[in-house]
Amino acid sequence: SPSDPDLVARARAAKEKLGDKVFVLGHHYQRDEVIQFADVTGDSFKLAKDAAARPEAEYIVFCGVHFMAESADILTSDDQKVVLPDLAAGCSMADMATAEQVAECWDVLTEAGIAEQVVPVSYMNSSADIKAFTGKHGGTICTSSNAQRALEWAFEQGEKILFLPDQHLGRNTAVRDLGLSLEDCVLYNPHKPNGGLTAEQLRDAKMILWRGHCSVHGRFSLESVEDVRARIPGVNVLVHPECRHEVVAAADYVGSTEYIIKALEAAPAGSKWAIGTELNLVRRLANRFAPEGKEIVFLDKTVCFCSTMNRIDLPHLVWTLESLAEGKLVNRIEVDQETEAFAKLALERMLALP
Ligand code: 13P
Ligand code: SF4
């Protein structure tokens, strides 16, 4: 069983044996049984910075999903090894934009005569290939905690943005934070010829949104917001910007996972909160803040865990740490050099945003 005391003891022993040679990063959506062994926890922005700040660690064990481990590999030195405890921990959103599809999209923009006006902005939740494409074409990466600054920066570089791969984060940030209208945004569907758009639509658009979404956050609905308001009078609705536009528009507060945690830390006793983000984090926050008299509920009972985040469990972590402690390198995530060079350019532009 995941809470098996034997496994807990084995993880602890292997980690102790490795000492400073290993640094364990845990994304906020990870299971409790894994989070207890993380040296740092954070959202994807904080973890990218934390990985880069540990040059003495030979192994970076990334408890998160594949694109996060790739980013850590890009930002750390060549002799540091980034390890993902289960190679099947991918991200369905990142998989929605492949290198071939994005290259084809760039051809469509070129055909429409607008490619030179377009600056790509890619969400952290994308493969290293997409990050490299972004770097090559003068763009930046963003996360949910710096998307506004990334878009503002991009609009200083060019007239239009191609936002990949999360349509919701792109639309929500453009409309809520930059004051663009919904009509300024068009949706590029990689499964349709020319993205399902005419050259005129592309020329008129300010934001070209890739048709991708998060399979967890995309399931919260306007109805779930209305239901919780009816059920819990005075409730504050706080959601992640990967939620659909109508959900974000109906919420009281919107922000990344770090923002959500800080908002709840600052919340007064007696306040009530409905949170629209991944369930592992919401449960942990509900337990943490209950003794302070803060009532925290999950926004919609039909939405569940991120299944790929949940693939990293205690048995996988134990296997990883014990293998490393025996000198056996397993599940290394390594981005090839050319991809890394361009992806790094895009990531460094993000880290340099004001
Ligand atoms: P943040 O950690 O940046 O809030 O992103 C949420 C997410 O979906 C990560 O997969
Ligand atoms: Fe991907 Fe959504 Fe899971 Fe994050 S929560 S890893 S965006 S599927």
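1. Two strands pair if DSSP finds at least two bridges between them; strands (E, at least two residues) and helices (H or I, at least four residues) are DSSP runs, numbered from the N terminus. In β13, Glu295 is the bridge partner of Lys272. The pairing of β12 and β13 is parallel and extends over four bridges.

2. The model under review is predicted: local features need pLDDT of at least 70, side-chain atom pairs count only at pLDDT 80 or more, and totals for chains, interfaces and linings use all residues. Residues are numbered from 1 along each chain as its sequence is written, while chains are lettered from A and ligands numbered from 1 in the order in which they are written.

3. The order β11-β10-β12-β13 describes an open sheet of four strands with parallel pairing. Its edge strands, β11 (253–254) and β13, each pair on one side only.

4. Which residues of helix α12 (residues 257–266) are buried, that is, have 20 or more other C-beta atoms, placed from the backbone, within 10 Å of their own C-beta? They are Thr257, Ile260, Ile261 and Leu264. These residues lie on the same side of α12, because they cover an arc of only 95° around the axis, taken from the directions from the helix axis to the C-beta atoms. The face turned away from the buried side carries Lys262 and Ala266, which are exposed (12 or fewer such atoms).

5. The buried residues of α12 pack against β10 (236–239), β12 (272–276), α13 (279–289) and β13 (295–298); contact requires C-beta atoms, placed from the backbone, within 7 Å.

Note on methods. Contact = placed C-beta atoms within 7 Å.
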